[in-house]
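Keep the view open as you read.

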Amino acid sequence: MRGEAVVFTDVRQVRFMEVELPEPGPEDVVVDLEYSWISNGTESSFLYGERVSGEQATRPDDVLPFPQVAGYQKVGIVRSVGEKVEGLAIGDRVFASVSKVNGMKFDTGGHINPSVTSASQVWKLPEGADPIAYSGMVLTQVGYNCGIRPAVQPGDVAVVIGDGLVGQWAAQTLTHRGAEVTVLGRHDDRLALLPAPIRSYNLKRQALSGWIGDRKDIAVVVDTVGAMGTFRELKPAMRLNSHLVSAGFLGTEGIVDIQELRPQEITLHSPSGWTKERMDAALIGIRDGWLQTASLITHRFPAASAEEAWRLIMEKHEPFLGIVLEWSK
């Protein structure tokens, strides 16, 4: 069985190419793609050779995992279902996570059409849903996971480090829970996409000390970009029994001294990956409108132009945030 995919062939090398797919089994669903959403951070770290697996930073003797099919999230229409699959039918519009592929360093990937996917990795979308809004649902769930982890009371002060997609959805989730949220970022265009009442602060324009002042009331800090230095600037302003949520990829710099957290009894949360329960919750949040996704899409490219999409990400020649590949002919 043949398909088309976005393949990282080497460091900073991207190709849209034909790939070999396994024949679908009795527990598989075959999906014809409409959209797939690029995970700018995770996919880039693989493309740049910075990591060799989901949470493993590259070490000096590691063999880089090329070629690999990039990504892990997309939406489309069910073409066929295996005989053991329940609850899904031909013609259903679905979200799918990783799908199967042959001949690559990893036997799964995201940007593949058609997608031979285990039914355990597939969610049926609500009737009448705008499919593109759900095409980044794994990443939406990461942001949701960051925002749901810490204990929060209405009116608590929460700070999100990073104005990327995970930071946006973490801030939306904390706001939904009643927190007063400020996002620390470096891009005016991204900070402008934050919905009210989320506040923003551009660290390129103003020193963080100007925002901190003499405050001692921060209940939650969510680091979505691996900025331990920024956390340490915020730490003196965190109250007793506060929370640090660390979700950014720290590479080899992710060293936390537990004793450093103890005087303020700061709880450390280290979310990773996804679970069915959190995916279900993210789907409901998108459906109900408090998790806003489509408004964060700044660019769409035909899937065959994936190399152009990745030039934008690598060269940063214009502002961007959510980047979606379009697969419909």
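Helix α2 (residues 137-148) and helix α8 (residues 276-288) cross at roughly 100 degrees, their axes coming within 9 Å. The two are therefore roughly perpendicular to each other; angles from 65 to 115 degrees count as roughly perpendicular, under 35 as roughly parallel, over 145 as roughly antiparallel, and the rest as oblique. The axes are lines fitted to C-alpha atoms, for helices over the stretch in contact, and the angles run from 0 to 180 degrees between N-to-C directions. Helices (H or I, at least four residues) and strands (E, at least two) are DSSP runs, numbered from the N terminus. On the α2 side, the contact is made by Met137, Val138, Thr140, Gln141, Tyr144 and Asn145, and on the α8 side by Arg278, Met279, Ala281, Ala282, Leu283 and Ile286; contact here means heavy atoms within 4.5 Å. Sorted by class, these are eight nonpolar, three polar and one charged residues. Ala, Val, Leu, Ile, Met, Phe, Trp, Tyr, Cys and Pro count as nonpolar, Asp, Glu, Lys and Arg as charged, and the others, Gly among them, as polar.

A word on what you are looking at: this is a predicted model, in which local features need pLDDT of at least 70 and side-chain atom pairs count only at pLDDT 80 or more, while totals for chains, interfaces and linings use all residues. Residues are numbered from 1 along each chain as its sequence is written, and side-chain values use heavy atoms, with hydrogens and water left out.

Stay with α2 for a moment, and turn to helix α3 (residues 165-176), which packs against α2 at an angle of about 45 degrees with the axes 7 Å apart. This pair is therefore oblique. The crossing of α2 and α3 is right-handed, a term used if the near helix is turned clockwise from the far one by less than a right angle, anticlockwise being left-handed. From α2 the contact draws on Leu139, Thr140, Val142, Gly143, Tyr144, Cys146, Gly147 and Ile148, and from α3 on Leu165, Val166, Trp169, Ala170, Thr173 and Leu174.

Another helix pair is α1 (residues 40-47) with α9 (residues 306-315), whose axes come within 12 Å and cross at roughly 90 degrees. Helices α1 and α9 are therefore roughly perpendicular to each other. Asn40, Glu43, Ser44 and Leu47 of α1 meet Trp310, Ile313 and Met314 of α9, giving four nonpolar, two polar and one charged residues by class.

Now for the strands. Strands of a sheet pair through backbone hydrogen bonds, either parallel or antiparallel. Six of them form an open sheet here, ordered β14-β13-β12-β15-β16-β17, with parallel pairing; two strands pair if DSSP finds at least two bridges between them. At the edges sit β14 (199-202) and β17 (267-269), each pairing on one side only. Neighbouring strands of this sheet are turned by 20 degrees against each other on average, direction ignored.

For residues 51-125, UniProt lists "domain: Alcohol dehydrogenase-like N-terminal" in an unreviewed entry; its positions are given in the numbering used here, feature names are shortened, and annotations may be inferred rather than shown by experiment. In the model this span is 0% helix and 36% strand, and its end C-alpha atoms lie 32 Å apart.

Finally, where do the cis peptide bonds fall? One joins asparagine 113 and proline 114, with omega about -5 degrees, and proline 114 is found in the loop between β9 (112-113) and β10 (115-118). Another runs from alanine 196 to proline 197, with omega near 10 degrees; proline 197 is in the loop between α4 (188-191) and β14.
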